[in-house]
Amino acid sequence: MAGRMSRLVTFSGLAYSDPSEVTFGSARRVLRYGLGLEVGRGRVVPEIKYFPKPSDVSDASRLLAAYKRMTERILDRAAGLGVRDLQLETELPHVATLSPKLAGEVVLAQRELMERAHEEYGIRLALRVTVADVRDFRSPEAKEERTSIMMETFSEVSSQGADVVSIESFGGKEVFSQAIIRCDVRGMIFATGLLGSRDVEDLWSEIRRAVRGGTLLGGDSACAHANSAMVLANGLHRRMVPHVVASMARVLGAVRTLVCYECGAQGPGKDCAYENVYIKLMTGIPVSMEGKSSACAHSSLVGNIVASVCDLWSNESIEDVRLYGGHGPEVFLEILHYDCELMNKSIELGYRDALRRALIECDRLKDPQGLVLAPDVAFEISKAIISTSDYYERSVMALERACEIMEASAPSMALPEPELRYLRRVRRELEHLPGEGELVEEMVKKYSRLVPSFNPRSYDI
């Protein structure tokens, strides 16, 4: 199940020599784009993410008008607050992704409003557009048809003024959804480490060709895999999935998301990719992160720790609903703005290291999901990931290292006995894994029976 070798580069060394060097607001590779925006150059930039009301999605004219209203309100609030730097993220709904012309109209309308705000208020601005993954994996033919439309949409939004393009790709999700509820580590490796990585390689090679250098290739997110596991794991008192297993999904997410950067993505990494802690360590690119301010969309146990490495600070999608303080997007922009002001002032006053440490220690030992996102832990696991270019070897070695660190940290985390049992179970499973070919054969047979929508031919198996 080897890849098609469409990767442009493989990372053989970390971008940082010590995890303490990885901090918010600064990245090895500074990005300059949009209307005067710089990311990774010593300041954290808010990235506001929004979504229209369901009633506005079904009709093209209402959808376009909704995006105009949201953009106008966001920019007006930004001017009122004195925001100096801002990135907007438009996550296209399926209906817009399937209509490239409509997607382009949405972007053009936003771009015109942003240029006006830049000229009038001097705000440095950029627009990220995230194309929805609308592919149908039930057959190679259906997948190819939808992929073609997506590539048209990527091309259209790029030509109409998107500064950054991204996607939350779904490859392997149909298998992962069944594997995670069964705590099937082999199935998770197969779904995320193999199917997911292979799909990211193919998809981002096509995105690179569709955009042809006109727009920054922002990157992918393992949201459909790792964030689904995080949500299923739930909080501390009602664990629907063992948290050590959800942590394994996060580590595997780093394996598959790295591939888009090997295929030409340049960053800034997408906010819902919590695995961006690993991506920044391995590539040096600026990354967007979401934490406490993404509680509008989902709950987590890692609301602070991820801010320790962010270059853009985001909120996950907030629906355009009316709140006391205004509509959701403009209200959450204000929340992000004050978070960023705090981080940036700590840099100016020389307190960055202290704030970074506080953010990390808030969540580090609360739960295994926080532990694997601690920069020093991610540093060790990242070294395992980049020690090979093989997707299967990356997956296994990363999980082995994660297990070792979790076991060593278990007393400090006060893991309950059920979690310890699952950790020991995962360790035993990793010790007895077969070769890649045998595992693929076993998983294809198993999940073809369990998941009617899984078609191995869609992954060239």
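## The largest cavity

About 70 Å³ of space lies in the largest cavity. Keep in mind that we're looking at a predicted model. In total, the structure holds 2 cavities of 30 Å³ or more.

So who lines the largest cavity? The residues are Arg43, Val44, Val45, Pro46, Val83, Arg84, Asp85, His337, Cys340, Glu341 and Asn344. Two elements give two or more residues to this lining: strand S3 (45-51) and helix H11 (328-349). Helix H11 gives the most, with 4 residues. Sort the lining by class and you get 5 nonpolar, 2 polar and 4 charged residues.

## The second largest cavity

Now for the other one: the second largest cavity has a volume of about 40 Å³. Around this space you'll find Ala226, Met230, Ala246, Ser247, Arg250, Val302, Gln369 and Leu373.

Which elements give two or more residues to this lining? They are helix H8 (223-233) and helix H9 (243-262). Helix H9 has the largest share, with 3 residues. By class, the lining of the second largest cavity has 5 nonpolar, 2 polar and 1 charged residues.

## The nonpolar cores

The largest nonpolar core has 143 residues. Which of them touch the most other members? That would be Leu86, Phe190, Tyr278 and Trp313.

There is also a second, separate core, made of 9 residues. Among them are Tyr33, Val45, Leu216 and Leu312.

## A covered strand and its neighbours

Next stop, strand S5, which spans residues 124-131. Is strand S5 mostly covered or mostly open? Mostly covered: 7 of its 8 residues are buried.

Strand S5 has partners, too. With strand S4 (residues 85-91), S5 pairs in the parallel sense over 7 bridges.

Key
Residues numbered from 1 in each chain as written. Predicted model: local features only at pLDDT ≥ 70, side-chain atom pairs only at ≥ 80, totals over all residues. Heavy atoms only, no water. 1 Å grid on protein atoms, 1.4 Å probe; cavity = no way out; pocket = protein on both sides within 12 Å on 5 of 7 lines; lining within 4 Å. Points joined across faces, edges and corners; volume = space filled by probe spheres on them. Nonpolar A, V, L, I, M, F, W, Y, C, P; charged D, E, K, R; others polar. Core = buried A, V, L, I, M, F, W, Y, C linked by side-chain atoms within 4.5 Å. Buried < 20%, exposed > 50% of the residue type's maximum accessible area, 1.4 Å probe, protein only. Pairing = 2+ DSSP bridges.
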